[in-house]
Amino acid sequence: RQDPPHLRALSFDTMTSKNNGLSAALVSNLQDVLSKRKGGSDGSAEEEEPPPSTSVSVDVAAKEEIDDSRPIVLVTNGDGIDSIGLVSLVEALVKEGLYNVHVCAPQTDKSASSHSMTPAETIAASSAGIKGATAFEVSGTPVDCISLGLSGALFAWSKPILIISGINQGSSCGHQMFYSGGVAGAREALISGVPSLCLSLNWCKDESKESDFKDAVGVCLPLITATIRDIEKGVFPKDCSLGIEIPTSPSSNKGFKVTKQSMWRQTPSWQAVSANRHPGAGNFMSNQQSLGAQLAQLGRDASAAGAARRFTTQKKSIVEIESVGVAAKTDSRVKKYFRLEFVGKEQEEHTDEDLDIKALEDGFVSVTPLSLLPKMDSETQAAASEWISKALNADQ
């Protein structure tokens, strides 16, 4: 899905060719593009006002919605705005006709971004075509999306009644919550004082299918409805977010079970990748978008100066080698390539029926209350206190 250029939020900076790492010809071409869009030949003219009949104002688009008396629900996720999980959820919420649905989600997959943000960099928010909802895709993390959405800078309303992150692909049970960008989006809502739900489907390769997301939405809708109803009544638990884990076969689930966070996690696996599988023209090429995609991004939502910064490469001597063995000593920098994947591992048998991963494995929908308050059991607290006392006394 690609929106027309006039439907996207654009920003421009004056571009200079000094130390930007680009060829003079490319700089000239980019300047020509900007000058045509700004209505000037030197890129310094004021931005031309778009025709009223085709322009979309962020403020106007948002204000059109706030007159609606229905409660506002804000949706984000970790997998990106085009993911089937988010689309299925938003379509169902819109179809219910009970909520004023807004979406502020990452432009690309940020599923393992944890609670990261993007300070001191320009974030682009582009309007996205999701029928029945006011939607923006953001060139940042899920936490950026929630922070921006609640800031008052993007939407005209102050606070939604509920924030939902999901439906995210893959379990976020146990310690996996610390990696999850989807869970972090829900946590950021909680930090900002807004109730939130994080919905995740226990996706299994070669077993799960896209229709499972629609089944998962059907499973969660009653809980979403009950949450909003009790928030309006003032009886929903405060200072609490709910992590909802949906089993691999949602339609055959055994019901809901209130659970507690386990210590389960997937194992991070770093795989060495051959250097000859990566282009050598610029350091950014191994883990960023292609040149064509970068130029397309410029035309959509980035400034010329920002594009130049993204294209800038370090002018140091870099030796690319196979990512195996120990590199030979050299005065030049050595560049090796790796790819991170989370892989499942054989788990020890879970005997505690109240653990999130145990309930999920048994076919239940796991519902785990999540708090911002750090929890530590009394035995660990006592042991830590004793050790600290001994260590301080020993130093004295």
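Visitor: What should I know before I start?

Guide: This is a predicted model, in which local features need pLDDT of at least 70, side-chain atom pairs count only at pLDDT 80 or more, and totals for chains, interfaces and linings use all residues. Residues are numbered from 1 along each chain as its sequence is written, and side-chain values use heavy atoms, with hydrogens and water left out.

Visitor: What is the average pLDDT of the protein chain?

Guide: First the term: pLDDT is the predictor's confidence in each residue, from 0 to 100. Here the protein chain averages 76. A score of at least 70 is reached by 66% of the residues.

Visitor: Which elements have the lowest and the highest mean pLDDT?

Guide: Elements are DSSP runs, numbered from the N terminus: helices are H or I with at least four residues, strands are E with at least two. Helix 2 (residues 58–66) has the lowest mean, 45. Strand 1 (residues 72–76) has the highest, 98. Over residues 37–65 the pLDDT is below 50. In the model, that stretch has 34 contacts beyond near neighbours in sequence; a contact means heavy atoms within 4.5 Å. Residues 298–316 also stay under 50, with 51 contacts beyond four places in sequence.

Visitor: How many helices and strands does the protein chain have?

Guide: There are 10 helices and 13 strands. Now look at contacts with a separation of 6 or more: 78% of them join residues 24 or more positions apart.

Visitor: What share of the residues is buried?

Guide: Buried means under 20% relative accessible area, exposed means over 50%, and partly exposed is in between (1.4 Å probe, protein chains only). Of the 396 residues in the protein chain, 42% are buried.

Visitor: Which residues have the most contacts inside the largest nonpolar core?

Guide: A nonpolar core is a set of buried Ala, Val, Leu, Ile, Met, Phe, Trp, Tyr and Cys residues joined through side-chain atoms within 4.5 Å. The largest one has 39 residues. Val75, Leu93, Val103, Leu199, Ile224 and Ile244 have the most contacts inside it. Several elements each supply at least two residues, including helix 3 (84–96), strand 2 (100–106) and strand 13 (365–370). Helix 6 gives the largest share, nine residues. Apart from this core lies another, of 15 residues, among them Cys104, Ala125, Ile146 and Phe155.

Visitor: What is Val75 in contact with?

Guide: Leave aside neighbours within four places in sequence. The partners of Val75 then include Leu86, Leu89, Val90 and Leu93. Val103, Cys104 and Ile164 are also among them.

Visitor: Is helix 5 mostly covered or mostly open?

Guide: Helix 5 (residues 181–191) is mostly covered, with nine of its 11 residues buried. Among the buried ones are Gly181, Val183, Ala186, Glu188 and Leu190. The cover includes helix 4 (142–151), strand 5, strand 6, strand 7 and strand 13.

Visitor: Where does Ser241 lie?

Guide: Ser241 lies in strand 7. It counts as buried because its relative accessibility is 3%. Ser241 and Leu190 are 51 residues apart in sequence, yet 6.6 Å apart in space, C-alpha to C-alpha. Beyond four places in sequence, the contacts of Ser241 include Ala186, Leu190, Ser196 and Thr368.

Visitor: Is Ser208 buried or exposed?

Guide: Ser208 is buried, because its relative accessibility is 12%. Ser208 sits in the loop between strand 6 (196–201) and helix 6 (211–233).
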